[in-house]
Amino acid sequence: MSASTSLGSWLRAPIPASPFQARMQALWLGWRRLRSNPPALAGAILLLLLLATATFAPLIATHDILAQDLTVRLQKPSSTHWLGTDDLGRDIFSRVVYGSRITLYIAFLAALIAAPLGLIIGTTAGYLGGWADTILMRLVDIFLSFPSLILALAFVAALGPGIENAIIAISLAAWPPIARLARAETLTVRKSDYIAAVRMQGASRMRIIVHHVMPMCIPSVIVRITLNMAAIILTAAGLGFLGLGAQPPSPEWGAMLSTGRQFVMNAWWIAAIPGCAILLTSLAFNLFGDGLRDIMDPRHG
Amino acid sequence: MAEAAVPARRTGGVAAPGLPSWSGTALRVVVSIAVTLFGLMALTFFIGRMLPLDPVTAILGDNATQEAIDAMRAQLGLDQPLWIQFGRYVGDILRLDLGTALTTGKPVLDDIARVFPATIELATVGIVIGTALGIPLGVMAAAYRDTPVDYFVRVFGLLGYSTPNFWLGLMGLVLFYATLGWVGGPGRIDTAFQWDVEPVTDLLLLDTAMAGQWEIFRNVLSHIILPASILAFGALAYISRMTRSFMLEQLSQEYVVAARVKGLSWMRTVWVHAFRNVAVQVVTVVALAYAFLLEGAVLTETVFAWPGFGRYLTNALLAGDMNAVVGCTLLIGIIFVALNLLTDLLYRLFDPRTR
Amino acid sequence: MAEPRPRRMPTRRRHILAASALMASLALPGAVQAATPGNALVMAWNIDAISTFDPAQIGEVVTSELLQNTCDALASFDPKDEKNVVPSLAESWQVSEDGQQITFRLRDNLVFPSGNKGTAQDLAWSMHRVVKLGFGNAASLTEYGFTKENVEQMITAPDDRTLVMKLDKSYPTGLILQAIAANRVATILDRKTVMANEVNGDLGNKYLATHTECVGPYRLRQWNAGETVVLEANEQFWGPAPKLRRIIVRHVAEAGTQRLLLEKGDVDVARDLTPEDMAAVEKTQGLALSRTLKPQLVYWGFNNANPIFANEKVRLAMRYLIDYEGLGKTIMAYNGVPRASFAQIGAFGALDEKEGQPFKLDLARAKQLLTEAGYPDGFETTMIFGTLPYAPPIAQHIQANAAKVGVRIKLEQMANAQLFARHRGREFQTAMLAWQTAIPDAHGNASRLIANPDNRPEAKLTQYPSWRHAFQSEAANKTVDATLLERDESKRVAMYHQLQKDMMQSGPSAIMFQSVMLAGLRGNVRNWTWHGFQAYYALVSKE
């Protein structure tokens with residue numbers, strides 16, 4: 001790389017000189033596609049805002065989220081309590097801000113469980129074929145026979161309420177579509193020449209799956225899991241709404257909404273605000289995931 | 001509702017594609033359904049046994065003596081080894097016996113038969129609204145790709161995916177029922193009319209229409225319109241999105257260009273030529289959307305005090321009624337398998353490319 | 001669907017249809033016109049808890065109230081004074097001189113809905129049945145010496161209209177009448193119909209889950225769990241016919257929805273309103289509130305098997321973490337009054353409102369007690385609670401106060417069935433529940449919340465909250481027994497007062513509130529009559 005070329009022309013060079021440059025060029029291209037796709041850009045900005053809110057929650061929040069004051073319960077939005085107070089006199093704004101941490105925690109943890117699980121099962125089934133494929137895919141079919149909310153509800157009923165159990169239940173309901181996707185990708189990769197070449201070199205099946213098949217599937221799995229994040233967030237909120245998710249006094253949005261439901265006639269904002277937060281977050285993931293798909297998989301463009 | 005999960009279903013659904021003869025395919029389908037159903041039973045049994053809720057306390061109440069509790073355990077077979085319990089479970093299901101619901105004291109299957117019409121009615125009105133709006137929106141978005149129309153439809157669709165429907169229902173009730181008084185409240189019908197409907201199908205709109213009771217029909221409609229619209233929002237999102245992508249594929253075909261060259265108007269080309277080619281695909285999408293409406297109904301019914309399947313399931317969940325939870329879950333599983341099978345069949349029968 | 005449906009009933013159908021069509025035509029254009037049928041009382045109520053209508057099995061508030069209106073007992077509580085017992089199935093009774101035998105004289109016009117005549121033999125059989133089935137309810141009889149072995153000798157019917165009840169001790173007569181005669185265990189069942197529907201020797205338990213075969217002003221017409229209960233006037237009833245033909249209960253779980261329905265006139269009565277809804281209803285023209293104290297205590301119970309809570313001072317410290325006043329004015333503003341004594345307000349022998357609640361939120365005192373108990377830095381514990389609407393806010397409020405003295409409480413909310421199972425299995429550290437007694441006498445709660453005959457785990461006296469809390473005090477046990485048999489009323493009162501004062505300091509649980517029953521009523525509902533032990537649907541009318 002010559003020192004005189006500008007960053008721009010380095011990024012636009014028709015033939016990358018190093019793997020690093022190739023990756024940077026791909027990122028640059030992605031950014032340009034993102035920039036030309038306003039909905040996706042909006043999603044990305046919303047997500048960044050959300051991440052910033054979660055990260056800097058202690059700085060943003062105006063009140064202690066657990067501090068109760070029965071004398072100021074169910075207050076309308078005001079200059080002291082920007083979004084009003086709940087039934088125990090806690091500041092709703094601060095609770096919604098902290099709630100973003102819980103929502104992101106649930107979404108990312110569920111994704112971190114479901115994606116690798118789906119990836120491993122899908123690639124294994126797809127690469128090995130035969131009986132392993134039949135059995136694993138049958139398992140996937142069985143799980144796919146249930147709508148994810150119903151399955152999560154049933155699991156959480158079995159495991160008991162609580163945020164950890166909700167995450168497990170949601171992950172258990174979220175992995176099968178990913179496994180199916182990974183299997184489909186594997187089937188196309190499996191026949192390719194470079195896999196044959198690796199096999200000729202004597203690599204074990206395990207090694208081929210982990211080092212050569214999985215990396216090929218990861219981009220599409222990431223797109224899928226991003227889109228799934230929205231569904232995961234909605235499921236988590238639904239569980240919280242039924243009292244089966246995060247337990248009090250946690251400021252989980254679904255649980256806050258559930259409390260607000262009792263007061264919806266007198267203090268509609270208690271239910272309205274966490275609902276808006278859920279909607280915005282889930283929308284952000286959908287917008288971004290959509291854009292991500294366009295960027296990473298031009299075939300769908 | 002998970003949009004992304006749906007198209008994937010067809011790529012390797014219950015029926016295995018690519019087999020030469022119909023009889024061979026049929027056999028494979030039957031075997032694979034049987035295996036899936038067995039898996040469903042194993043999974044639901046497993047969930048049922050994992051429940052920390054003690055069905056015995058649920059039956060006998062907080063006040064029972066230990067003696068009565070032990071007797072009830074034996075009566076329910078809970079003192080037997082697991083594999084015997086599973087055998088009994090499978091045997092019972094094959095005899096169409098899902099057990100007795102602890103909360104109602106009636107057979108679970110009877111309960112489900114009783115509450116299901118309410119859900120079917122709600123979901124059907126929902127799908128009608130969703131389809132009537134979703135298909136035109138999807139077609140228009142494709143026809144005017146990358147214009148404000150397209151962006152509007154896409155963002156509107158994403159909103160449909162992103163909105164928690166229980167929240168929308170709650171807000172809708174406050175606004176349209178409590179504040180504006182435009183629609184009927186929670187429940188299927190005003191109490192005053194409740195005993196005036198002769199139940200033939202238990203679909204109240206149909207029953208009242210057949211009996212010519214138009215006042216009551218209007219009342220029923222005023223109750224169903226809000227929850228159905230909220231359910232329709234999700235279905236609309238899915239239908240418009242899939243329609244759009246099917247249409248985009250068609251509109252890039254050469255015959256579209258040919259039609260334009262011949263001087264056909266753009267709208268005519270889009271609707272008459274291109275849409276005809278995607279109709280079958282759209283029908284299968286609508287069928288899948290219908291299945292997902294049943295899922296959406298769970299929380300919507302809870303908010304609208306709608307006496308249907310979803311509310312029955314959540315009641316059972318919160319009361320720890322194991323038999324009812326397991327029965328409902330199993331039934332939903334079976335419905336999904338059946339609907340998937342149906343869409344596969346539709347696809348095979350009508351789609352020119354798979355013929 | 002085997003269930004008969006009232007909507008198939010031809011009776012007066014055309015009438016209603018005409019009336020509703022008229023109302024509809026009078027209503028403004030638009031979809032909404034709400035009105036309830038003129039001959040029916042429509043109630044919005046959370047009826048999740050109903051699981052059966054068998055009088056031998058029910059142990060829960062909603063079904064108890066419904067059964068009181070479908071199944072008369074031997075005697076009844078006076079609508080005007082809950083401590084006063086008045087005739088019902090029995091028109092009179094006599095107590096032997098030693099106080100160990102009561103002879104009831106039954107009415108001669110007792111007829112079941114089936115047309116069968118009700119006799120003393122049916123009644124005796126029904127009471128034997130309660131003991132033999134041995135559900136929680138049986139305790140109302142077994143507590144007074146009736147057992148599976150002796151009940152057929154102790155409760156007998158020498159002729160069609162005479163029922164004789166022998167007692168093992170000379171209990172106070174008033175107490176026995178409240179505890180047994182006016183209790184749902186002394187209802188009369190249509191033996192022939194019930195036994196014709198017996199399954200596997202269950203004495204008709206399965207059949208009665210969905211039927212009421214009793215003598216009472218109403219009978220059960222329809223029950224769809226989680227949806228509706230319909231009671232219909234019993235044509236064969238001996239007493240004055242009810243004013244309203246039907247009682248319709250709609251299951252509405254959410255308080256907000258109940259209020260909406262009430263305001264819009266879709267229901268006549270709303271039974272589960274939140275304090276905020278109550279406040280709004282109170283101010284609304286055309287709506288009214290009715291309230292009455294309920295013999296139910298909301299308490300925070302401590303498992304004494306846990307070494308931390310075995311310490312009396314720790315238990316006392318916990319009481320100072322409860323903001324009785326603050327919670328009483330807000331969360332519990334309408335549905336409870338602060339109460340720390342185990343004897344409910346209004347019961348015989350109960351301390352008055354002031355003496356029965358001497359505590360206030362006092363973090364310094366709590367801290368000091370904890371230090372004396374050896375926990376200057378607090379400890380960690382858990383609290384389990386169920387789905388009562390006020391449970392989560394109360395739990396969170398206690399949690400926040402406790403945190404200030406170093407007591408870190410982890411909250412766990414769960415389905416009621418699971419909560420009960422954990423509580424009765426002693427599988428908890430602390431738990432918030434409600435306990436309701438069936439008699440307006442301090443003995444009702446003293447015998448369950450305080451006395452514990454056998455504290456061994458294997459004794460499994462799970463129907464005693466005292467056992468569940470692994471609490472046993474020899475002295476308290478003796479006092480409870482002695483007070484029960486004390487025939488001098490003023491002495492009995494004094495003994496109860498002392499026991500209550502002691503138990504507020506050292507008892508197994510922190511009693512927090514006595515529940516208040518509230519109903520929001522439409523303005524046209526007249527004579528809604530109730531108290532803590534009974535609601536009288538038959539007296540209600542509409543304008």
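Of the 301 residues of chain A, 52% count as buried. Buried here means 20 or more other C-beta atoms within 10 Å of the residue's own; 12 or fewer makes a residue exposed, anything in between partly exposed, with C-beta atoms placed from the backbone. The model is predicted: local features need pLDDT of at least 70, side-chain atom pairs count only at pLDDT 80 or more, and totals for chains, interfaces and linings use all residues. Residues are numbered from 1 along each chain as its sequence is written, while chains are lettered from A and ligands numbered from 1 in the order in which they are written.

Chain A spans about 75 × 60 × 30 Å along the principal axes of its C-alpha trace. Chain B has 355 residues, of which 53% are buried.

| Chain | Helices | Strands |

Helices (H or I, at least four residues) and strands (E, at least two) are DSSP runs, numbered from the N terminus.

Contacts come next. Two residues are in contact if their C-beta atoms, placed from the backbone, lie within 7 Å. In chain A, 66% of the contacts between residues at least 6 apart in sequence join residues at least 24 apart. In chain B, residues 24 or more positions apart supply 72% of the contacts with a separation of 6 or more.

Chain B divides into domain 1 (40-94) and domain 2 (110-354). These bounds come from an automatic or database domain assignment. The C-alpha centres of the two domains lie 37 Å apart.

Chain C holds an open, antiparallel sheet of four strands, in the order β4-β5-β7-β6. Strands pair if DSSP finds at least two bridges between them. β4 (90-95) and β6 (155-159) of chain C are the edges; each has a single partner strand, so one side of each lacks a neighbour in the sheet. Neighbouring strands are turned by 25 degrees against each other on average, direction ignored. β6(C) pairs with β7 (residues 162-166) of chain C over three bridges, in the antiparallel sense. Within that chain, C:T156 has C:V164 in β7(C) as its bridge partner.

Helix α3 (residues 120-133) of chain C packs on this sheet and touches β5 (101-106), β6 and β7 of chain C. The direction of α3 makes about 170 degrees with that of β6(C). Axes are lines fitted to C-alpha atoms, for helices over the stretch in contact, and angles run from 0 to 180 degrees between N-to-C directions.

Chains A and C meet through 18 residues from chain A and 23 residues from chain C. On the chain A side, ten are nonpolar, five polar and three charged. Ala, Val, Leu, Ile, Met, Phe, Trp, Tyr, Cys and Pro count as nonpolar, Asp, Glu, Lys and Arg as charged, and the others, Gly among them, as polar.
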